[in-house]
Amino acid sequence: MGAPLIGARVERKEDYRFLTGAGQYTDDVDLPRQAYAVFVRSPHAHAVIKKINSAKAKKSPGFVAIYTGEDFAAAKLGGLPCGWLITDVNGQPMKEPPHPCLAQGKVRYVGDQVAIVVAETSEQARDAAGLVEVDYEVLPAVVDGSRARAKGAPQLHEIAPDNTCYVWAIGDKAVTDAAFAKAAHVTKLEFINNRLVPNAMEPRVAIGSYSRSDDNYTLYVASQNPHVERLLMTAFVMGLPEHKVRVVAGDVGGGFGSKIYLYAEDVAVTWTSKQINRPVKWTSDRSEAFLTDAHGRDHHTVAEMAMDKDGKFLGMRVKTTANLGAYLSTFASCVPTILYATLLAGQYKTPVIHCEVTAVFTNTTPVDAYRGAGRPEATYVVERLVETAAREMKIDPAEIRRRNFITEFPYQTPVALQYDIGNYNATMDAVQKLADVSGYASRKKASEAKGRLRGLGYAAYIEACGIAPSAVAGALGARAGLFEAGEVRVHPTGSVTVFTGSHSHGQGHETTFAQVVADRLGMPIENVDIVHGDTSKILFGMGTYGSRSIAVGGTAIVKALDKVIAKGRKIAAHLMEAAESDVEYDRGVYTVKGTDKKKMFGEVAFAAYVPHNYPHDKLEPGLNENAFYDPANFTFPAGSYVCEVEVDPETGVVKVEKFSAVDDFGNIINPMIVEGQVHGGLTQGIGQALTEGARYDATGQLTTGSFMDYCIPRATDVPFYQVDTRVTACTHNPLGVKGCGEAGAIGAPAALMNAITDALGVKDMPMPASPQAVWTALKNKK
Amino acid sequence: MAVKVSLKVNGKSVSVEVEERTLLVTVIRENLRLTGTHVGCDTAQCGACTVSMNGKAVKSCSILAMQAEGADVMTIEGVAKADGTLHAMQAAFKEHHGLQCGFCTPGMVMNAIDFAKSHPNPSEQEIREALEGNLCRCTGYHNIVKAIGAGAKAMAAGK
Amino acid sequence: MHAFKYHRPASVNDAAALAKGEAKLLAGGQTLVQTMKLRLASPSDIIDLGTIKDLAGIKSDGKSVTVGAMTRHAEVAHSADVKKAIPALAALAGMIGDRQVRAMGTCGGSIANNDPAADYPAAVLALNATITTNKGKYEADKFFKGMFTTALGAGEIITSVSFQVPKRAAYTKFKNPASRFAIVGVFVADFGGSVRVAVTGAGPAVFRQADMEKALGAKFAPESVANIKQKQDGLNSDMHASAEYRAHLVTVMARRAVEAALR
């Protein structure tokens, strides 16, 4: 038995294959007789399809097949479903317009699928697709969410008047208004939470394959949750029984939310593979990804905080318009509501909060969860308000937070959530030291001596992770459970294969989960393999998003391990001729209380599979257990961030000089991996604040449609980070874990914008704070 | 029209028949089935397709296969020793957790090895600038920069 | 990309003979191959200059540095001769794209393409270079004709570019954060008595800034240009930088270039 593996900086098991080019991403899969698909996409944001002429395409070399919306309708393929029902302020269900896989009569955003063209090679498929003539009647478009409900705005869907999906609210408006009436000070801000393009480095890929011999389909797809993909595709779109469809998501090159959803292309290649009796492969290129991967954020918000004379928060009022894009993506509806407004309490004892969210359709790419999903938007609202309030009331920004921190747990917020545990002063104390806040004044002076402006900003975020207790989610409109499944298969010679529904696409589950298992079973980590991403191997899975994997998926594995260990105890008791109640277990060793008798886990496993001496009267042979785990509550990771920037007033260039983050993720399995998650999250958050932002022109063309114009951070855009953790263990899962995947992206934008506005001495400025925007803000200030 | 391209890849002479419009990365991935080289964009920004051509890191998505006639190409599959031992730069990426999803990693490593040949003890700034042509969405570059610094030193020490 | 016919000529003359109609010359390919991939260009023929002997190489004679058309940016950036004679030129070459792009991209390709945001044209213009082709020679001032257009005729191929060695020079570049092309790049070259200031990125094509040249000619010092305003008229305006912002940056970059040249 070696040193404990839980909490150790174990190098990753998956790295060798990635470092040697042996990873197997979906585009690395080639099937015999495979043909290649290219989609004809709408070049217009809003248009009626008058005619599709494919005569020339059909004559193109290598042409195999073309299918349009008419063919899909004739085949009775359903539309893409939305997995979360939001009920509006009048008790009515949200408007759910049809979301056909291939356009039916009308296209509603640039990139909308019009036809699938299949050919012998990918270049030939492109050639043929380029020859498909589509006659469009172009309609006026609306792209800006805040204009979607304006009088005379172009209407997208017949069933959604005023382009409105829902108007939803949470909190008591009258009580909140009353709190504002007696406030000593009110801080008000209006801002845009900018639309982002996720841009996982691996573009989406889907390969559909149909087997006539057993009437089964296989879909290889870059997905974060293959079982959810299968469920949605079979039950809601294709009308197939689930057992006839296998979904395989091998190595996936990043997701950040964008690979949660069921996309039209996945359905189209799967269905087409049967029509042509050949596997059909589609690989998105980056330009296509910009247009068709679900985008993130895009809120327009007016927010107010009411305070007493000491800066104590009395109430908060928030009005948000969320741009959902042209159609409802898989989880689009819950992001600006359930995952957003419920987090508006932040780390504070704000007693009353009211939030109203209007979700609208526009002629833009559908918007859905992107790293943080609703929680970055909430944190931005709260933390920009708090920092601004502190400045207006001339209270130190850390102090105003401390005056309002929740300090007693469990804590019921006025927006539905109950925080189980946290220690916000501890993370604030730690980050102030880590960031050397006390030395800031001298650094500011040094910057000023160089003609530069320096600013410092805080953000104290909270997130609800470990998504989610199914009963709660169900009551809030989820159309699925949000548990996780795990299976621990002990082999006769004692090595272990673990099957998990938590897909890993960068998070390192193959290592952290193996650490948990190897630690509990007292075996070398090399003896444990984690398998994920194949519906034919894994029991079930709800997938990876919402920082849920260790808290929910990890717990499912622990529950299965508990069963394995319990069964092993019975076997060990038999082998040691002791009463089961006298057998103790610790990390791979069964002992009999008060004796020197012991059996190693491996011996017990062997006995289970070679049951010569075995309690056959009480137990079945074998050692293979599974568990489903549905969490009792959300987990509540929280932390405090400090960002320090230097601004070149001549050019408007902002340099992130220092970024310090102290997070409370509960117990930590692998600090190295956790730090990596924070680094990545912070960088995406910095990207949102500094460099990223999808833009459309008035006609609905995406003007930031490639890396030539849309800037995801490069190595030169970010500093070395200073990260640390403080621990309050989650109270309701056995590992005491909370999740860490999204924190950085949630807390960073507010910290950075607080620092920039501090440096510039302005109340607010829009994200991204591009050099031109900063320069303009300074110029306008003069 | 099909044309023949002959080149050396990972020390082995190969000859493939391709359409003239074929990219080097397509030959590597599809004809030679060396799928460690990835395609992450279509505007030559991301660097996931970086390979070594005649000793220099280049973007194989921006080069026609025909341009590589007679070239000596090394891909990520040719970097580790024959017995599977990782190259010093690969080992540094593993030790410093310089990769997460792994998609950008081969390009990062190929560029880093080339860079380290002329920078045995690079500064943080030099490393960050050397990564201008490689995008990563997972790591925030923090551990990649650390890994390249360590890997360059290890290479210089002959490891 | 669309299909094309590929040619590998052995000489500049052979290449020139092939360069007609919808044919395109391929140098390093770092722009052309991308454009073809996106199907924004569909040449009938590709004429690869990569294997023609003697098109690459650097010669320095104290008065000028001559860079062969197929010389890669990385070679110029790392050349001891260039660093000694015109360090600003080496620095400029080292700022183009990224290190992988610099390993392939060529001086001749960049100049012939004349992208409004490219770096090389600024050096050509500020260093009063002579562009030599298979058909003759051009002075820098008569070479760049506007956005993506040059004085090159059909079948005309750049063979080398000779940059005059200045007394001192510097190039400062304000990069587009996404593409890394120049939003504004200013190359300042002091020839002792006469100063040339070339601006790229700001307008539809590289141009000389006469007011700055005059002021710096009188006194080569940062304060000479610090208050010279670039006119906004005719400057580029896009989502990354308005004409007003670009005009402002021209002054800032010019002043910083002078500071760098004096360092």
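Visitor: What gives the area buried between chain B and chain C?

Guide: About 2400 Å² is buried between chain B and chain C, with 53% of it from carbon and sulfur atoms. Buried area is the accessible area (1.4 Å probe) that two parts lose on being put together, summed over both. Keep in mind that this is a predicted model: local features need pLDDT of at least 70, side-chain atom pairs count only at pLDDT 80 or more, and totals for chains, interfaces and linings use all residues. Side-chain values use heavy atoms, leaving out hydrogens and water; residues are numbered from 1 along each chain as its sequence is written, and chains are lettered from A and ligands numbered from 1 in the order in which they are written.

Visitor: How many residues of chain B and chain C are in contact?

Guide: 28 residues of chain B meet 30 residues of chain C. They count as being in contact because they have heavy atoms within 4.5 Å.

Visitor: Why is the link between D114(B) and R99(C) called a salt bridge?

Guide: The rule wants a side-chain nitrogen of Lys or Arg within 4 Å of a carboxyl oxygen of Asp or Glu. In D114(B) and R99(C) the closest N and O atoms are 3.2 Å apart, so the pair passes. Chain B and chain C share four salt bridges. Also across this interface are 15 residue pairs in polar contact, both at pLDDT 80 or more.

Visitor: Which elements give two or more residues to the side of chain B that touches chain C?

Guide: Strand 3 (50-53), strand 4 (56-59) and helix 3 (105-118) of chain B. Strand 4 gives the most, with four residues. Helices (H or I, at least four residues) and strands (E, at least two) are DSSP runs, numbered from the N terminus.

Visitor: Why is Q34(C) called buried?

Guide: Buried means under 20% relative accessible area (over 50% is exposed, in between is partly exposed, with a 1.4 Å probe and protein chains only). Q34(C) has 8%, so it is buried. Leaving aside residues up to four places away in sequence, Q34(C) touches D42(B), T43(B), A44(B), C61(B), S62(B) and G29(C). Q34(C) belongs to helix 2 (residues 32-37) of chain C.

Visitor: What makes the meeting of the side chains of Q34(C) and K37(C) a polar contact?

Guide: A polar contact is a pair of N or O atoms within 3.5 Å; within protein, one must be able to donate a hydrogen and the other to accept it, and residues adjacent in sequence count only if both atoms are side-chain atoms. The side chains of Q34(C) and K37(C) come to 3.2 Å, so they qualify.

Visitor: How do you know that R21(B) and E123(A) meet in a salt bridge?

Guide: Their side chains are 3.8 Å apart, N to O, so the salt-bridge rule takes them in. Chain A and chain B have seven salt bridges between them. They also have 28 residue pairs in polar contact, both at pLDDT 80 or more.

Visitor: What is the area buried between chain A and chain B?

Guide: About 4500 Å², with 55% from carbon and sulfur atoms. On the chain A side, L19(A), M201(A) and F720(A) lose the most area to chain B, together 18% of what that side buries. The contact takes 56 residues from chain A and 49 residues from chain B.

Visitor: Why is chain A as compact as a globular protein of that length?

Guide: Chain A has 19 helices and 28 strands. Its radius of gyration is 27 Å, close to the 28 Å of the globule rule for 782 residues, so chain A is as compact as a globular protein of that length. That radius is taken over C-alpha atoms, and the rule is 2.2 Å times the number of residues to the power 0.38. Of the 782 residues of chain A, 65% count as buried.

Visitor: What is the phi of R297(A), and why is R297(A) buried?

Guide: Phi is positive, about 65 degrees, although R297(A) is not a glycine. R297(A) has a relative accessible area of 4%, so it counts as buried. R297(A) sits in the loop between helix 8 and strand 13 (299-307) of chain A.

Visitor: Why does H97(B) count as buried?

Guide: H97(B) is at 1% relative accessibility, so it counts as buried. Phi of H97(B) is positive too, near 55 degrees, in a residue other than glycine.
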